[in-house]
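Please read these points with the model open beside you.

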Amino acid sequence: MPSLHVLPRAHGLRCSRVSIATPLIPTGTTSYSYSFTNSGQKDPRAITTASMATTTTATTSKCDGLSVEQIKAANREMKAMIKNTVNGSADGVKPVAVFVGATSGLGLMAMRKWVELIDDVGGRVYFVGRNKEAANEIITSLSQTSPKVELTFLHTPDIALLSNASQIASTIAAKESHLNLLVLSQGLITLSNTRDPTPEGIDRKMATHVYSRFLIARRLLPLLQKAHDISSSSSISTASSSSSETGKVNESDLSLSRQENYSNAKCAAQASAMNTVLLEHLSTLHPQLGWMHVFPGVVETGLM
C-alpha cells in the first residue's frame with residue numbers, strides 16, 4: 001500500500017534557517033523524520049533550525065529525536081545516492097527539479113539545499129515565483145557556488161490564477177522528459193475573513209494553497225513517473241500553512257465558495273486538509289513515487 005506521510009506542526013517555534021535532507025525517495029521507502037532543533041544560543045529566535053530528513057532503510061515514521069549530525073549524515077547519503085544514480089545511467093541522465101514558490105522562505109531554502117546536493121553531478125532546476133529581482137539575485141548566487149546546475153526562473157504574476165499555473169506546468173512539460181523532485185510551497189498570507197475571489201471565481205487563498213498545487217502535480221505526474229522508471233527515484237513534497245488540520249473537510253463546499261462557510265482560520269484548515277486528501281489520492285494512483293506533506297509551523301519568510 002502507498003503511504004503518505006503528514007509531518008506534524010512544531011508549535012511555538014520561529015525559524016530563520018531551514019536544513020533539508022532532500023526527499024528523493026527510492027522505491028519502497030516511505031519513512032520521514034522531522035524535528036525542530038534549538039541552536040543552543042541564548043536567544044532561541046536567533047538561529048532556530050527547522051530540520052527535515054528522509055531515511056532510506058526504515059519503513060515507519062519517526063517524528064522526534066533527530067540531531068543536526070543525523071540531518072547532515074542524511075544529506076551526505078542522499079548526495080552520494082544522486083551521484084551514483086547519474087554515474088550509473090547509460091545516457092548520463094541528470095536530475096531535474098521544480099520548486100514552486102521559491103523566491104523566498106521554505107521553497108528557496110529547499111531549492112538551495114537541493115542545488116548543493118547535486119552540484120557535483122549537475123542538473124536542471126526550475127523555480128517559479130513573482131519576484132524577478134529576487135530570482136536574478138538567486139541565480140547569480142547559486143551559479144557561482146554550483147556552476148554545473150542550470151537554473152531557470154519561470155515568472156508568474158499570480159499563481160492563484162489556474163490559467164497561469166497551467167501555463168507553468170505546460171512550459172516545464174514541453175522542456176523536460178522526466179522530473180525527479182517537485183516541491184510545492186506557494187503560499188498567501190491574509191488576515192481577512194472575507195472571500196477574495198480571483199477572476200476565475202475561486203478564493204485566492206484556496207486557489208494558491210490547493211488548486212494550483214493539485215493542477216501542477218497532476219500535469220507533471222507523467223514526468224515524475226518517467227524519472228522513477230529511469231532511476232527508481234522521484235518524489236513530491238508540499239508545505240502547508242502554519243495551521244495544522246483542525247477538523248474534517250467541508251465536503252459540501254470544497255472551495256468555500258459561500259461566505260457563511262469562510263473565515264481565515266477555516267480556509268487555512270480546509271486548505272491543509274485538502275492537501276493531505278489530494279496527495280493521498282494521488283499516492284494511491286502512483287504508489288511508486290515518494291509523497292510528503294509538511295506542516296512547518298511558524299516560519300520567518302518574505303511573506304511575514
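**Notes on the model**

1. The count of aromatic pairs comes to one, where rings of Phe, Tyr and Trp (its six-membered ring) pair if their centres lie within 6.5 Å, and planes under 30 degrees apart are stacked, over 60 edge-to-face and the rest tilted. The ring centres of Phe127 and Phe153 are 5.1 Å apart and the planes stand at 45°, so this pair is tilted. Phe127 lies in strand β6 (residues 123-129) and Phe153 in strand β7 (residues 149-155), 26 residues apart; helices (H or I, at least four residues) and strands (E, at least two) are DSSP runs numbered from the N terminus. Both Phe127 and Phe153 are buried (buried is under 20% relative accessible area, exposed over 50%, partly exposed in between; 1.4 Å probe, protein chains only).

2. This is a predicted model: local features need pLDDT of at least 70, side-chain atom pairs count only at pLDDT 80 or more, and totals for chains, interfaces and linings use all residues. Residues are numbered from 1 along each chain as its sequence is written, and side-chain values use heavy atoms, with hydrogens and water left out.

3. In helix α4, the buried residues include Leu162, Ala165 and Ile172.

4. There are five salt bridges (a side-chain nitrogen of Lys or Arg within 4 Å of a carboxyl oxygen of Asp or Glu). One of them joins Arg204 to Asp158, with the closest N and O atoms 2.3 Å apart. Arg204 is in helix α5 (residues 204-231), and Asp158 is in the loop between β7 and α4, 46 residues away. Both Arg204 and Asp158 are buried.

5. Arg204 also meets Asp196 in a salt bridge (3.4 Å, N to O). Asp196 is partly exposed, at 39% relative accessible area.
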